[in-house]
Protein chains: 2
Amino acid sequence: MLFHGYFRSSAAWRCRIAFGLKGLSPDFVPVHLRRDGGEQTKPAYRTINPQGLVPSLTVDGQVLTQSLAILEWLDETHPQPRLLPDDPFARAEVRAFALTIAADIHPVNNLRILTYLKGPLAQPQEAVDTWVRHWCQDGLAACEALAVRSARRGRFTFGEAPGLADICLIPQLGGARRFGLDTTQFPRLTEIEAACNALPAFTEARPDRQPDAEA
Amino acid sequence: MLFHGYFRSSAAWRCRIAFGLKGLSPDFVPVHLRRDGGEQTKPAYRTINPQGLVPSLTVDGQVLTQSLAILEWLDETHPQPRLLPDDPFARAEVRAFALTIAADIHPVNNLRILTYLKGPLAQPQEAVDTWVRHWCQDGLAACEALAVRSARRGRFTFGEAPGLADICLIPQLGGARRFGLDTTQFPRLTEIEAACNALPAFTEARPDRQPDAEA
């Protein structure tokens with residue numbers, strides 16, 4: 001397995017947590033998202049992932065892209081420990097929580113969006129930071145509500161073991177704080193985060209622990 | 001089954017196609033996204049979906065949200081015809097294509113984003129339309145590349161029967177054209193669209209065929 005990622009990418013961070021939980025150690029190729037206009041936008045990387053985004057996972061000559069698709073594939077092919085429950089309703093609840101982050105918070109705050117806000121739309125850094133905090137606030141408030149109302153809540157978002165929801169939540173909380181959002185307003189989410197932070201799979205996946213980390 | 005949606009929502013449109021393919025007819029409750037600041041933002045609807053977005057599907061008192069989670073649930077509980085293949089690599093390929101649209105094109109062009117661009121960021125309509133076309137262009141070009149290079153390509157995106165990838169593609173092509181993008185630049189995608197348009201499940205799911213449709 002060959003993993004293309006970047007230390008600060010939320011989507012790559014999700015995959016790193018899952019690798020840790022599953023006991024996998026794929027070879028790592030850093031793709032620097034900011035150097036020279038972004039290595040991810042260059043033809044060499046687009047040959048691997050035509051979308052020009054990280055992460056990508058190459059397995060037996062096949063390239064997997066999109067973090068949620070990679071995580072579902074990991075769970076189907078390396079089923080212990082499980083990232084998704086068995087019951088279809090429970091699976092839908094976990095996936096909806098994960099997508100609230102992975103589809104509705106993260107992509108609107110991604111580097112390419114912020115670059116467009118600053119470039120073509122000529123927005124100052126302050127307006128860009130406000131944009132990020134706005135969508136983090138909106139989406140994490142929904143996550144807090146979804147987590148609180150769940151009949152399946154436990155030590156982790158949906159149960160007594162970490163899974164796909166937690167894997168998406170932890171990097172997003174980190175990203176929100178990086179832009180100055182006070183995450184203590186989400187007591188259930190920070191309680192879950194504390195439970196995750198007791199596990200090496202989560203702490204070792206942090207951006208500052210990666211070989212390509214920068215200050 | 002009770003389906004909350006809106007005729008023009010891409011995410012609701014995806015679900016309608018799947019209902020048609022599976023032969024299901026859930027009861028429909030329209031949620032008007034533009035009337036009175038948006039019915040989806042009001043407490044009555046947020047009780048159903050705390051995120052304040054459509055669609056939602058209520059089944060046996062449980063609420064499912066996020067279109068991709070609803071589609072996966074539909075495929076797990078109503079398995080004929082299948083929306084996802086059996087092989088894990090093939091499933092990952094289908095999901096990555098679906099997420100390229102559902103996570104990286106659609107959410108950045110959603111109504112709430114365009115409202116923010118026009119409101120707090122004071123962008124003129126022309127800049128907003130350019131924004132939408134930019135992300136449609138970028139994302140659909142990646143979809144075209146993913147579709148062309150696939151060893152599993154067929155009459156539909158990944159095979160001889162429609163599935164999750166096609167369900168996400170058709171509403172996104174419709175959305176892109178609504179903002180003036182020329183989709184004929186994507187020959188493989190428009191070829192797939194023609195195959196889909198031969199099926200009633202796709203034509204009957206169109207926005208202008210819905211009970212809440214407006215001119």
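Author: Start with the salt bridge: a side-chain nitrogen of Lys or Arg within 4 Å of a carboxyl oxygen of Asp or Glu. Searching the whole structure gives 26 salt bridges over all chains. One pair crosses between chains, from B:Arg91 in helix α4 (residues 88-102) of chain B to A:Glu76 in helix α3 of chain A. In this salt bridge of B:Arg91 with A:Glu76, the closest N and O atoms are 2.8 Å apart. Element names follow DSSP runs, numbered from the N terminus: helices are H or I with at least four residues, strands are E with at least two.

A caution before going on. The model is predicted, with local features needing pLDDT of at least 70, side-chain atom pairs counted only at pLDDT 80 or more, and totals for chains, interfaces and linings using all residues. Residues run from 1 along each chain as written, chains are lettered from A and ligands numbered from 1 in the order written, and side-chain values use heavy atoms, without hydrogens or water.

Now the chain pair. Contact (heavy atoms within 4.5 Å) takes 47 residues from chain A and 47 residues from chain B. Interface residues of chain A are also interface residues in chain B in 100% of cases, so the copies meet through the same surface. Between chain A and chain B, about 4400 Å² is buried. Carbon and sulfur atoms give 62% of that area. Buried area here is the accessible area (1.4 Å probe) that two parts lose on being put together, summed over both.

Eight salt bridges are found across the interface of chain A and chain B. The elements of chain A that each supply at least two residues to the side touching chain B are β4 (62-65), α3, α4 (88-102), α5 (111-118) and α6 (125-149). Helix α6(A) has the largest share of that side, with 10 residues.

How are the copies related? Chain A superposes on chain B by a rotation of 180 degrees, with 0.0 Å of shift along the axis and an RMSD of 0.0 Å. That is the relation of a two-fold axis. A:Ala103 is the residue of chain A that comes closest to the rotation axis, with its C-alpha at 2.1 Å.

About 1600 Å² is buried between domain 1 of chain A and domain 2 of chain A. Here carbon and sulfur atoms give 69%. Three residues stand out: A:Arg14, A:Ile17 and A:Leu68 supply 35% of the area that domain 1 of chain A buries against domain 2 of chain A, more than any other three residues.

What of charge at this boundary? The count between domain 1 of chain A and domain 2 of chain A is one salt bridge. A:Arg95 forms a salt bridge with A:Glu72, their closest N and O atoms being 2.7 Å apart.

Last, the backbone. Most residues other than glycine have a negative phi, and most peptide bonds are trans. The bond from A:Gln80 to A:Pro81 is cis, with omega near -15 degrees. A:Pro81 sits in the loop between α3 and α4 of chain A. In chain B, a cis peptide bond joins B:Gln80 and B:Pro81, with omega about -15 degrees. B:Pro81 lies in the loop between α3 (67-77) and α4 of chain B. Check B:Asp36 too: its phi is positive, about 55 degrees, although it is not a glycine. B:Asp36 is in the loop between β2 (27-30) and α2 (43-46) of chain B.

Conventions: Copies are superposed by least squares on the C-alpha atoms of residues with pLDDT of at least 70 in both.
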